[in-house]
Amino acid sequence: MTENMHIYAVARIRSRELDLLGESVINQLVDCNKFEECMKILFDKGWGKSGFEEADELLAAESDKTWDLIGEIVEDMSIFDTLLLENDYHNLKAAIKQAYMNRDIEKIYFSRGTVKREIIFNAVKEHNFSVLDEKMGKCAEEAYQVLFHTGDGQLCDVIIDKSAMEAIYEKAAESGNEVLIDYAELKVASADIKIALRCSRTGKSREFTERAIAECATLDIKSLIDSSAAGENELFEYLLSTPYAEVINEIKKSPAAFEIWFDNLLIKHIKPQKYNSFTMSPLAAYILARENEIKTVRIILLGKLNRLSDSSIRERLRNMYV
Amino acid sequence: MDSYGIVFALAGAISAALFGGLGSARAVGMGGEAAAGVITEDPSKFGKVLILQLLPGTQGIYGLLVAFITLSQIGVLGGSGDVSFVKGLLYFLSCMPAAVVLYFSAIRQARASIASIAVVAKKPESFGKAMMFSAMVETYAILALLISILAITGVGSINI
């Protein structure tokens with residue numbers, strides 16, 4: 001019965017998928033000589049709200065459009081909390097650091113999340129985390145104490161990031177939705193591998209690595225931590241026995257290549273949703289596809305603004321959903 | 001005991017109309033949701049998605065037809081109402097292919113129609129091809145209808 005709940009919404013998303021940017025448009029954007037030409041193409045494609053935005057405003061407007069559309073066609077938006085939790089924890093991190101530095105910093109908060117940013121900001125300001133949910137409140141208290149007593153910003157980040165990954169993972173499992181579960185799995189696995197690699201390269205203690213890495217199904221945390229402590233080659237050896245063996249080559253290339261590999265893997269996993277007319281999976285896939293699209297356009301626009309060569313920009317591009 | 005014959009026969013007729021109608025109502029409703037979603041974004045596709053929405057509506061009509069023929073045979077719509085217990089049971093069984101197959105084929109056809117509506121949303125030029133997938137399910141509803149009608153008329157000519 002639940003699979004018939006989103007028939008209307010999926011049909012609308014099917015029509016909207018026609019407006020997603022394909023490889024040809026992305027190539028067209030990369031081939032532009034100037035940043036302004038890119039903006040013109042995007043405005044012609046209906047991007048932005050007024051047609052006169054700056055790049056940042058344009059991308060923010062597109063993200064807003066996606067969530068506004070989903071809000072319009074889905075009654076209960078909480079089913080997509082998995083995708084917004086990262087913003088909450090980012091806002092929490094920003095609020096704690098802002099409180100610690102005791103000065104106002106502009107534009108450091110995400111506007112969308114499962115908890116309003118003002119609530120998080122006030123909770124940190126008043127040092128009253130009871131207004132947040134139990135998991136976030138506990139993590140906020142720990143991170144707050146660490147930063148205010150030791151001034152260790154890195155440890156504060158580690159505590160919040162791990163808690164964010166755990167929250168995303170739990171929320172996805174609660175939803176029971178295949179796309180969200182896949183998203184959470186890849187999110188946590190990529191974060192874990194990145195942490196293990198950094199810890200290995202910087203010679204961090206085993207305790208630190210244990211504190212930073214979150215549980216997930218596709219990685220054996222103990223083996224990951226052991227191999228990370230033993231060295232980079234041992235870590236690669238362990239990764240060979242996981243579904244992420246191919247990422248080793250990307251790690252050797254650059255940190256950006258690692259990120260791209262995981263983003264492309266997510267797009268590969270969600271692509272079958274283009275042919276699914278039931279359940280909320282195509283909606284979740286559409287949101288992820290739009291986020292991927294916005295990220296790709298951001299890379300192109302920043303590349304054009306900073307006068308990077310076309311080949312440098314192309315190296316950083318993600319595969320598209322359509 | 002013979003007086004129960006008409007009860008079984010009537011139950012068969014009602015089942016055919018009931019499940020056929022129920023299946024079609026659910027199916028057309030599901031198709032309507034998908035069609036409304038497409039129309040919200042592109043009203044020009046109304047004609048195409050309407051046809052796809054209506055495809056699973058035929059099962060309700062088939063159920064009505066089976067019920068109507070059965071009611072005529074057993075004398076509820078006029079004529080002789082003399083139906084023995086065995087004959088009543090046979091009428092009931094004759095209506096079952098229609099009752100069961102019509103319900104499930106309507107739901108399955110709706111799913112095919114919804115998928116076809118998604119095709120039309122993206123590639124309206126593929127409407128003809130997309131419609132065929134949904135229309136294929138109709139075959140089995142027609143086969144069930146056929147066997148039910150043959151059985152009902154056959155039972156009418158048996159003297160038991």
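Select Arg16(A) and Glu41(B): their side chains meet in a salt bridge, with 2.6 Å from N to O. The term denotes a side-chain nitrogen of Lys or Arg within 4 Å of a carboxyl oxygen of Asp or Glu. By this rule, three salt bridges are found across the interface of chain A and chain B. Next, select helix H1 of chain A (residues 7–16), which gives the most to the side of chain A that touches chain B, with seven residues; helices are DSSP runs (H or I, at least four residues), numbered from the N terminus.

The model is predicted: local features need pLDDT of at least 70, side-chain atom pairs count only at pLDDT 80 or more, and totals for chains, interfaces and linings use all residues. Residues are numbered from 1 along each chain as its sequence is written, chains are lettered from A in the order in which they are written, and side-chain values use heavy atoms, without hydrogens and water.

Now display the whole contact (heavy atoms within 4.5 Å): 16 residues come from chain A and 16 residues from chain B. In chain A, select Ile7(A), Tyr8(A) and Phe278(A), which lose the most area to chain B, together 32% of what that side buries. The two chains bury about 1,400 Å² between them, 59% of it on carbon and sulfur atoms; buried area is the accessible area (1.4 Å probe) lost on being put together, summed over both parts.

Finally, move to helix H1 of chain B and select Ile14(B). Ile14(B) counts as partly exposed because its relative accessibility is 49%, between the limits for buried (under 20%) and exposed (over 50%), with a 1.4 Å probe and protein chains only.

Note on methods
Helices (H or I, at least four residues) and strands (E, at least two) are DSSP runs, numbered from the N terminus.
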